[in-house]
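Hi,

Here is the structure I promised to pass on to you. Please open it alongside this email, and then read on for what turned up in it.

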Amino acid sequence: HLRALSSTGTFVFVPTGPTALESLVKGEVGQNVTVPCFYSVKTRQDITSMCWGRATCPVSKCYQTIIWTDGWKVTERHNSRYMLKGNLPAGDVSLTIVNAEEADSGIYCCRVEISGWFNDQTSNHKVVVEKARISTASPHTYTSEQTSAHGSTSEPSFTTTRTWPLVFASEAPQTASGPCSSTSDCLDVTTNLQNMSVSLPRQQYSENGLYIGIGLCVVLLAILILALCLT
């Protein structure tokens, strides 16, 4: 296999027969793509006519002919974007597609006419024109997302930590009029209040009972006196 690199495309030559050469040419839209084709020129008598066509080489001539040369100059051209920029008398009949388009992709035939029966040198070339690749890399961004070990992204979590100032016993404000001067005093006051809240209802209940008893005694005494008077 023969390989050749060019600024206008990539050529890969694969020999498939004594007079046929196949090649794959890749290019980008908007660039010039050169499809290679050469024949041997040793003397002036070797210089001959040739054609390029948009299809596989037929038995004779070129199908869908796009350009012709008599070996010295271009004699026929069907599109101004097709040019032969090589040294024609030296056998360089490579086709240059100027400002290539995706529609230029396809099979191209290079036929060099050599005198004699079935002596023509033919080669088929596949041209692929693609759009230029545009980088989609984005600038680095910093987010609050956390990524797990498996590559999955969890929901961002925000934790607010508040630090309260430490207050030491020596720095705590003290007032002379406080209800208690120590922890034990506060406990005693709390206990007394609870006892008072429990004892007050009991005293109220005993006083009510005393009043009821005195009332009953007075009523009974009045009934007794009334009975004595009647008798």
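This is a predicted model: local features need pLDDT of at least 70, side-chain atom pairs count only at pLDDT 80 or more; totals for chains, interfaces and linings use all residues.

**The overall layout**

The chain contains one helix and 13 strands. If you follow it from the N terminus, the elements run β-β-β-β-β-β-β-β-β-β-β-β-β-α, and the helix, H1, covers residues 183-230. Of the chain's 231 residues, 23% count as buried.

**Salt bridges**

How many salt bridges does a search of the whole structure find? The search gives five, and here are some to look at on screen.

Begin with Lys61 and Glu113, whose side chains meet in a salt bridge at 3.3 Å, N to O. Lys61 sits in the loop between strand E5 (50-53) and strand E6 (65-69), while Glu113 sits in the loop between E10 and strand E11 (121-130), so the pair ties together parts that are 52 residues apart in sequence.

Next come Asp104 and Arg81, which form a salt bridge with their closest N and O atoms 3.0 Å apart. This pair links distant parts of the chain: Asp104 belongs to the loop between strand E9 (95-97) and E10, and Arg81 to the loop between strand E7 (74-77) and strand E8 (82-83), 23 residues apart. Asp104 counts as buried because its relative accessibility is 3%, under the 20% cut-off. Arg81 counts as buried too, at 17% relative accessibility. There is also a network of salt bridges here, linking Arg81, Glu101 and Asp104.

Another salt bridge joins Arg111 to Asp120, with the closest N and O atoms 3.0 Å apart. Arg111 and Asp120 are both buried.

**The largest pocket**

Arg111 and Asp120 come up again here. The largest pocket has a volume of about 270 Å³ and is lined by 14 residues. Which of the lining residues lie nearest its centre? They are Val59, Arg111, Phe118, Asp120 and Thr122. By type, the lining divides into five nonpolar, five polar and four charged residues.

Phe118, one of the residues nearest the pocket centre, is found in the loop between E10 and E11. Is Phe118 buried or exposed? It counts as exposed, because its relative accessibility is 75%, over the 50% cut-off. The backbone of Phe118 deserves a look as well: its phi is near 55 degrees, a positive value in a residue other than glycine.

Asn99 also has a positive phi, near 50 degrees, and is likewise a residue other than glycine. Asn99 lies in the loop between E9 and E10 and is partly exposed, with a relative accessible area of 41%.

Back in the loop between E10 and E11, you will find Ser115, which counts as exposed at 66% relative accessibility. Ser115 and Thr48 are 67 residues apart along the chain, yet their C-alpha atoms are separated by 8.8 Å.

Strand E10 itself, residues 106-112, holds Val112. Val112 is buried, with a relative accessible area of 0%. Its C-alpha is 6.7 Å from that of Cys51, although Val112 and Cys51 are 61 residues apart in sequence.

**A nonpolar patch on the surface**

Finally, turn the model to the helix. Leu210 lies in H1 and counts as exposed, at 52% relative accessibility. Together with Tyr211, Ile214 and Val218, Leu210 forms a nonpolar patch on the surface. The accessible area of these four residues together is about 440 Å².

**Where to look on screen**

If you have only a few minutes, I would pick these views:

- the Lys61 and Glu113 pair, which meets in a salt bridge
- the network of salt bridges linking Arg81, Glu101 and Asp104
- the largest pocket, with Val59 and Thr122 among the residues nearest its centre
- the nonpolar surface patch that includes Tyr211 and Ile214

Best wishes

Note on methods
Residues are numbered from 1 along each chain as its sequence is written. Side-chain values use heavy atoms; hydrogens and water are left out. Patches are made of residues with over 30% relative accessible area and no salt bridge: like charges are joined within 9 Å, nonpolar side chains (Val, Leu, Ile, Met, Phe, Trp, Tyr) within 5 Å. Accessible areas come from the Shrake-Rupley method with a 1.4 Å probe; for residues, only the protein chains shown count as cover. Helices (H or I, at least four residues) and strands (E, at least two) are DSSP runs, numbered from the N terminus. Buried means under 20% relative accessible area, exposed over 50%, partly exposed in between (1.4 Å probe, protein chains only). On a 1 Å grid over the protein atoms alone, a cavity is a set of points where a 1.4 Å probe fits but cannot get out, and a pocket is an open set with protein on both sides within 12 Å along at least five of seven lines; lining residues have an atom within 4 Å of a point. Grid points are joined across faces, edges and corners, and a volume is the space filled by probe spheres set on the points. Ala, Val, Leu, Ile, Met, Phe, Trp, Tyr, Cys and Pro count as nonpolar, Asp, Glu, Lys and Arg as charged, and the others, Gly among them, as polar.
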